[in-house]
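The following note sets out side-chain interactions for a colleague's review. Please read the numbered points alongside the sequence and the coordinates.

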Amino acid sequence: MPVEFLGIAATGDGSETTARTTAAFDRDYTLRLARAHEDHGWDRVLFAYGAGAPEPAAAAAFLASHLDRLQILLAHRPNVSYPTFAAKTFATLDRISDGRLTVHFITGGNDHEQQREGDFLTKDQRYERTREYIGIVKKAWTSREPFDHEGPHYRFNDFVSDVFPVQQPRPGVSFGGSSDAAYAAGGAEADVYCLWGEPLARTAEQIERVREAARAAGRTDVPRIQVAFRPIIAPTEALAWEKAHRTVAAIRARRGADRPGTTPEAVTPENTGSRRLIEIAEAGERYARALWTPTAAATGGAGNSNALVGTPETVAQALLDYYDLGVDILSARGYHLLDDAIDFGRYVIPIVREEVAKRDAAKAGAARAERAERDRHQLIAAQA
């Protein structure tokens, strides 16, 4: 099974540890960071979405017109546009990128963030809307004949697009979440299901939940699994752990400056995924080879925030543990976006790819031996 690596397509140089020095959308930085990913073995980058942030589809089109190989994962919230319009936008971007687009649909786990752009639905209503939205987008990508739609959230007549994706039958659909509603929606609709990095046993449980949801939806296939981490690497274990503790201190300092009088740990997040990260952090700081939770605790479980700490070899082996669970897309984003993308690409990705190739070769050899043994028994039976 091939392994893929997903990085971040930031349009400015700020992070949880470092104040931004560029504009919110900086052409030079956006392209420089993307080229660092393309030149150092990454497969694709994520254009994230946030209320007030630069519009990610336009930024992705800019990047796609300047780079030839790097694939794009575009985050999109259904509340910000009508699904027929979104389908045309995505198809156009797939044309611009010559078939390098995957769309990550975000239902939204925080009421306040959603309401910043006029979305006042409840969480359950948002999931219902997302499933309807994805279905419309898929049909608009693939239907050459006009069609009508009437559902709980959208109604239109006689729509047919004049622009279709390069990818056939359509671009990939990515989805994430850790609630029952998320598993049901993503299990039914997603080609890729995205998880935040958790201990191995809990990740295995989530993978099974996704597969169960896919089967319940009547699918004969299952979504591919993506898991996201924040790598903190250094030449030695001691240096990596020193770097990890400096990172947490920097996160706390920045959060304290942004929110005086509050601590992230005191805020209970609304979304299930963040609550899971906080629960894991409260149960322990270190898990398995390299998983470290204080980075998640320092942000209040905000997004992809659990770290993998160690030398490149240690972090690579930790990632391979997740690969062995059935994870074949590994998402990684450091705290110094540019330098960490280069270092991870130079020192971690080659180790993982080499070990995956060995595993695949061993599996192929075992399969050949099994077939040969089966053929031998069939021959003996026929001769008898």
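This is a predicted model: local features need pLDDT of at least 70, side-chain atom pairs count only at pLDDT 80 or more; totals for chains, interfaces and linings use all residues.

1. Residues are numbered from 1 along each chain as its sequence is written, and side-chain values use heavy atoms, with hydrogens and water left out.

2. Aromatic pairs number 17 in the structure. Rings of Phe, Tyr and Trp (for Trp, its six-membered ring) pair if their centres lie within 6.5 Å; planes under 30 degrees apart are stacked, those over 60 edge-to-face, and the rest tilted. F175 and Y193 form a tilted pair, with 6.2 Å from centre to centre and 55° between the planes. Because F175 belongs to strand β7 (residues 172-176) and Y193 to strand β8 (residues 192-196), this pair ties together parts that are 18 residues apart in sequence. Helices (H or I, at least four residues) and strands (E, at least two) are DSSP runs, numbered from the N terminus. Y193 is buried, its relative accessible area being 0%.

3. One aromatic cluster is formed by Y82, F90, F105, Y133, W141, F147, Y154, F156 and F159.

4. Two arginines are placed over aromatic rings. The criterion requires NZ of Lys or CZ of Arg to be within 6 Å of the ring centre and within 35 degrees of the ring normal. The charged end of R144 sits over the ring of F164, 3.7 Å from the centre, and R230 lies over the face of Y335, at 4.1 Å from the ring centre.

5. The whole structure contains 26 salt bridges, each a side-chain nitrogen of Lys or Arg within 4 Å of a carboxyl oxygen of Asp or Glu. In the one between R353 and D43, the closest N and O atoms are 2.9 Å apart. R353 lies in helix α13 (residues 349-383) and D43 in the loop between α1 (27-39) and β2 (44-47), so the bridge ties together parts that are 310 residues apart in sequence. R353 counts as partly exposed, at 29% relative accessibility.

6. E198 and R276 meet in a salt bridge of 2.7 Å, N to O. This pair links distant parts of the chain, 78 residues apart: E198 is in the loop between β8 and α7 (200-216), and R276 is in helix α9 (residues 272-283). E198 counts as buried at 2% relative accessibility, as does R276 at 15%.

7. A further salt bridge joins R359 to D324, with the closest N and O atoms 2.9 Å apart. The two residues are 35 residues apart, R359 in helix α13 and D324 in helix α11 (residues 312-325). R359 is partly exposed at 23% relative accessible area, and D324 is partly exposed at 46% relative accessibility. A network of salt bridges links D324, E354, E355, K358 and R359.

8. E189 lies in helix α6 (residues 180-189) and is buried, with 17% relative accessible area. Neighbours within four places in sequence aside, E189 is in contact (heavy atoms within 4.5 Å) with R131, I134, K138, V173 and R219.

Key
Buried means under 20% relative accessible area, exposed over 50%, partly exposed in between (1.4 Å probe, protein chains only).
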